Amino acid sequence: MLHLARLHHAAIICSDYARSRDFYTRILGLRVVAENLRAERQSYKLDLALADGSQIELFSFPVPPPRPSRPEACGLRHLAFAVVDLDANIASLQADGVLVEPVRVDAFTGRRFTFFADPDGLPLELYEINP
């Protein structure tokens, strides 16, 4: 049996590196751990960290194919970020011009959550937790 400790990272391929780098660092506030140009692949790899140490790897490639997300396709559905104050985080996203869906309540946990998208339309979720 495996003994997985925690999620280490999720990898995202973007279509416009500068736009996505700005979104994930300035708007979402993720910390840059490392940024590398892989010249032989014409690709950037940007390692970003959340406060708990989990990471997102942001990749760029020349002309990546689009990923279907609506209607929902098999595979990764979305990334969810835990937040203590959902309303404050929604206000912050909206102040940066990010469209946010109406708040919903999880029928099983009673927790509030909402969705928004990154510059390539990848669904991202804010999920409210107790402090």
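This note goes through the predicted model above point by point, from confidence to sheet to pockets.

1. Because the model is predicted, local features need pLDDT of at least 70 and side-chain atom pairs count only at pLDDT 80 or more, whereas totals for chains, interfaces and linings use all residues. Residues are numbered from 1 along each chain as its sequence is written, and side-chain values use heavy atoms, with hydrogens and water left out.

2. The protein chain has a mean pLDDT (the predictor's confidence in each residue, from 0 to 100) of 93, and 100% of its residues reach 70 or more.

3. Four strands form an open sheet in the order E1-E4-E3-E2, with mixed pairing, where two strands pair if DSSP finds at least two bridges between them. E1 and strand E2 (31-38) stand at the edges with a single partner strand each, so one side of each is left without a neighbour in the sheet. From one strand to the next the twist averages 15 degrees, with axes fitted to C-alpha atoms (for helices over the stretch in contact) and angles running from 0 to 180 degrees between N-to-C directions.

4. Strand E3 (residues 43-49) pairs with E4 in the antiparallel sense over five bridges, and Ile-56 in E4 is the bridge partner of Leu-48. Helix H1 (residues 17-27) packs on this sheet and touches E1, E2, E3 and E4, its direction making about 165 degrees with that of E4; contact here means heavy atoms within 4.5 Å.

5. A pocket is an open set of points, on a 1 Å grid over the protein atoms alone, where a 1.4 Å probe fits, with protein on both sides within 12 Å along at least five of seven lines, and lining residues have an atom within 4 Å of a point. Of its 26 lining residues, the closest to the centre are Leu-30, Leu-50, Ala-80, Phe-81 and Ala-82, and the largest share of the lining, five residues, comes from E5.

6. The second largest pocket has a volume of about 410 Å³. Of the 16 residues that line this pocket, Ile-13, Pro-65, Pro-66, Arg-67 and Asp-120 are the closest to its centre, while E1 gives the most to the lining, with four residues.

Methods:
Helices (H or I, at least four residues) and strands (E, at least two) are DSSP runs, numbered from the N terminus. Grid points are joined across faces, edges and corners, and a volume is the space filled by probe spheres set on the points.
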